[in-house]
Structure formats: structure tokens, C-alpha cells
Amino acid sequence: MSDMDQCVKCPDDHYANPGGNHCLKKVVTFLGYEDPLGMSLACLALCFSIVTAVVLSVFLKHKDTPTVKANNRALSYVLLISLIFCFLCSLLFIGHPVMATCIMQQTTFALVFTVAASTVLAKTITVVLAFKVTLPGRRMRSLLVSGASNFIIPICTVIQLIICGIWLGTSPPFVDVDIHVEKHHIL
């Protein structure tokens, strides 16, 4: 009020009106599916996962062709499925944040991306071993025949599980609000 001895400060989740005589509640703002940006990101994630699913179906349809066999079928399937889940993981970042999605966002994407990256590593090691085996006098054929590169995926995934477990145990993520960046909004 005018001519008062002391002013009353608005609470953190409120702001003063232009006249400075009332406190108005701040609006909570987050990236939602109804926002143009949220909708476009969700559509992109779904489109990319559908395109990857189509590629997977082509691989499955032609699974006995020499091209698919030479491309290491099992690793290709794992890579394509993990890429589908990587694209779908981005949907966890859209919508009203709650504790469950906050924990699942990073850990789910970390595990799925680890599977995708380790699959690319396993495919690369398979190609390198295939070229090394063709050189005369090399005894690396047992590594290629035994499928040693396929152990990379579970080993990397277990390491990532341990890292995520330690991170969740020591410093888990939490829903955070920012009340200071914008005057009328809580982000």
C-alpha cells in the first residue's frame, strides 16, 4: 500500500503486480506436448523411430540375403532396436516433470545409448578382425569365429549399469524449479 512504513515482499512463487500492491502467482512453465516445440520434437522422435523400424523390417525381410548376412545380422538387429529406443527416450524429456521421469530420463537413455555405441564398437572390431585374419600367419581366427566381439555389448552395458547405480545412489537427479530467470514464470 502507499505511504506504508514497511513493504511486504511477495513469496518466491509469486510476483508483484505493476502497481506493487498485490502478489500474483507465477505460472509453472515446462516443455509440454501441446507446445509447438514439444510437439515438433515428439513428432521428430516418432518419425526417426518409425524410419529405423522400417529399416529393421527390411533387414528382417531379407535376413537370408548375402548382404544382410555379411553385415552381421544379430549386431545389426541390436543396433537398430537400440536406435529405436534412443529416439523414443527423448519423449521422457517432454511433459510435466515428476520424480519418476526425472530418474528415468538420464538412466534409460544412458543404458540404451550404451547398447547402441557398444554395438557399433562390436561391429567395428568384427571388421578389423576380419581383415587381420586374412593376413597370412595370423592366429586371430579363433577370436572371429568365437564371436568375441559380441561380448563387448554386455560388458559395456554392465559397466554403464554400475555407473548409473553409483550415480543414483550418491547423487540422484531431482525435479528442480527456477524462480529467478523469468519474473512471471517458474521454469
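**Cysteines**

I began with Cys10: at 16% relative accessibility this residue counts as buried. My cut-offs: buried is under 20% relative accessible area, exposed is over 50%, and partly exposed lies in between, with a 1.4 Å probe and protein chains only. The model is predicted, so I read local features only at pLDDT of at least 70 and side-chain atom pairs only at pLDDT 80 or more, while totals for chains, interfaces and linings use all residues. Residues are numbered from 1 along each chain as its sequence is written, and side-chain values use heavy atoms, with hydrogens and water left out.

Next I looked up the partner of Cys10. Cys10 and Cys23 form a disulfide, with their sulfur atoms 2.1 Å apart. The rule I used takes a pair of cysteine sulfur atoms within 2.5 Å as a disulfide. The count by this rule is one. The pair links distant parts of the chain, 13 residues apart: Cys10 sits in the segment before strand 1 (14–16), and Cys23 in strand 2 (residues 23–25). I took helices (H or I, at least four residues) and strands (E, at least two) as DSSP runs, numbered from the N terminus. The angle about the S-S bond is -95°, and the link of Cys10 and Cys23 is left-handed. Cys23 has 36% relative accessibility, so I logged this residue as partly exposed.

Then Cys89. Its sulfur is 6.2 Å from the closest cysteine sulfur, in Cys86, which is too far for a bond. Cys89 is buried at 5% relative accessible area. I also checked Cys164, which is buried at 7%.

**Helix 4**

I compared length with expectation. Helix 4 (residues 99–133) has 35 residues and should span 51 Å at 1.5 Å a residue; its end C-alpha atoms are 51 Å apart, which agrees. The expected span is 1.5 Å times one less than the number of residues. I also found a bend of about 30° at Gln105 in helix 4. That bend is the angle between axes fitted to the seven residues ending there and the seven starting there.

**Helix packing**

Helix 1 (residues 36–61) packs on helix 3 (residues 73–89) at about 165°, with the axes 8 Å apart. That makes helix 1 roughly antiparallel to helix 3. Angles over 145 degrees count as roughly antiparallel, under 35 as roughly parallel, 65 to 115 as roughly perpendicular, and the rest as oblique. Helix 3 packs on helix 4 at about 155°, with axes 9 Å apart. Helix 3 and helix 4 are therefore also roughly antiparallel to each other.

Technical notes
Axes are lines fitted to C-alpha atoms, for helices over the stretch in contact, and angles run from 0 to 180 degrees between N-to-C directions.
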